[in-house]
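Me: I would like to go through this structure by question and answer. Please start with the term needed for its pocket.

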Amino acid sequence: MEFETATLTGAPARELFPGIRLRPLWTGSNGASANVVEIDPGACWEGKDVHEPGPEEVYVVSGTFNDGFNDYPAGSFIHAPAGSWHIPQSTTGCVLFVFYPEG
């Protein structure tokens, strides 16, 4: 079995909402995926981001991420269980590594 690799510069950006971009790095055969999410200063997700069918794992690479309730500085890890929700946003801008183990 060989390793699969990706680079951020090689990952095309898809704008989810104004100022929020998703860069897919990897997708597994079961739907699992690894992504980088970039949130510009002042950008906010439109509506609730509900975690379905499985959980969401977030690592704050840089900046400060806010889930609509709390601020998480760079170096923070967040586990959001299946069925939970938040409203991703950032006043300062941030870069996140986001993993969906179940798609």
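Reply: A pocket is an open set of grid points with protein on both sides within 12 Å along at least five of seven lines, and a lining residue has an atom within 4 Å of a point. The model discussed here is predicted.

Me: Which residues lie nearest the centre of the largest pocket?
Reply: The largest pocket holds about 240 Å³ of space. Its lining has 17 residues. Those nearest the centre are Leu-16, Leu-22, Val-37, Trp-45 and Tyr-100.

Me: How many residues of the lining of the largest pocket are charged?
Reply: At least two lining residues come from each of β1 (14-17), β2 (20-27), β3 (33-39), β5 (56-66) and β9 (94-100). By class, the lining has 12 nonpolar residues and 2 polar ones. The charged residues number 3.

Me: Which elements give two or more residues to the largest nonpolar core?
Reply: This core has 15 residues, and Ile-20, Val-37, Ile-39, Val-60, Phe-65, Ile-78 and Leu-96 have the most contacts inside it. The elements that supply two or more of its residues are β2, β3, β5 and β9.

Me: What is Phe-65 in contact with, leaving aside its neighbours within four places in sequence?
Reply: Among the contacts of Phe-65 are Asn-70, Asp-71, Tyr-72, His-86, Pro-88, Gln-89 and Cys-94.

Me: Which residue in the turn between β1 and β2 has a positive phi?
Reply: β1 and β2 pair in the antiparallel sense over 3 bridges, with Glu-15 opposite Arg-21 in β2. The two strands form a hairpin with 2 residues between them. The residue in the turn with a positive phi, about 80°, is Gly-19.

How values were computed. Residues are numbered from 1 along each chain as its sequence is written. This is a predicted model: local features need pLDDT of at least 70, side-chain atom pairs count only at pLDDT 80 or more; totals for chains, interfaces and linings use all residues. Side-chain values use heavy atoms; hydrogens and water are left out. On a 1 Å grid over the protein atoms alone, a cavity is a set of points where a 1.4 Å probe fits but cannot get out, and a pocket is an open set with protein on both sides within 12 Å along at least five of seven lines; lining residues have an atom within 4 Å of a point. Grid points are joined across faces, edges and corners, and a volume is the space filled by probe spheres set on the points. Helices (H or I, at least four residues) and strands (E, at least two) are DSSP runs, numbered from the N terminus. Ala, Val, Leu, Ile, Met, Phe, Trp, Tyr, Cys and Pro count as nonpolar, Asp, Glu, Lys and Arg as charged, and the others, Gly among them, as polar. A nonpolar core is a set of buried Ala, Val, Leu, Ile, Met, Phe, Trp, Tyr and Cys residues joined through side-chain atoms within 4.5 Å. Buried means under 20% relative accessible area, exposed over 50%, partly exposed in between (1.4 Å probe, protein chains only). Contact means heavy atoms within 4.5 Å. Two strands pair if DSSP finds at least two bridges between them.
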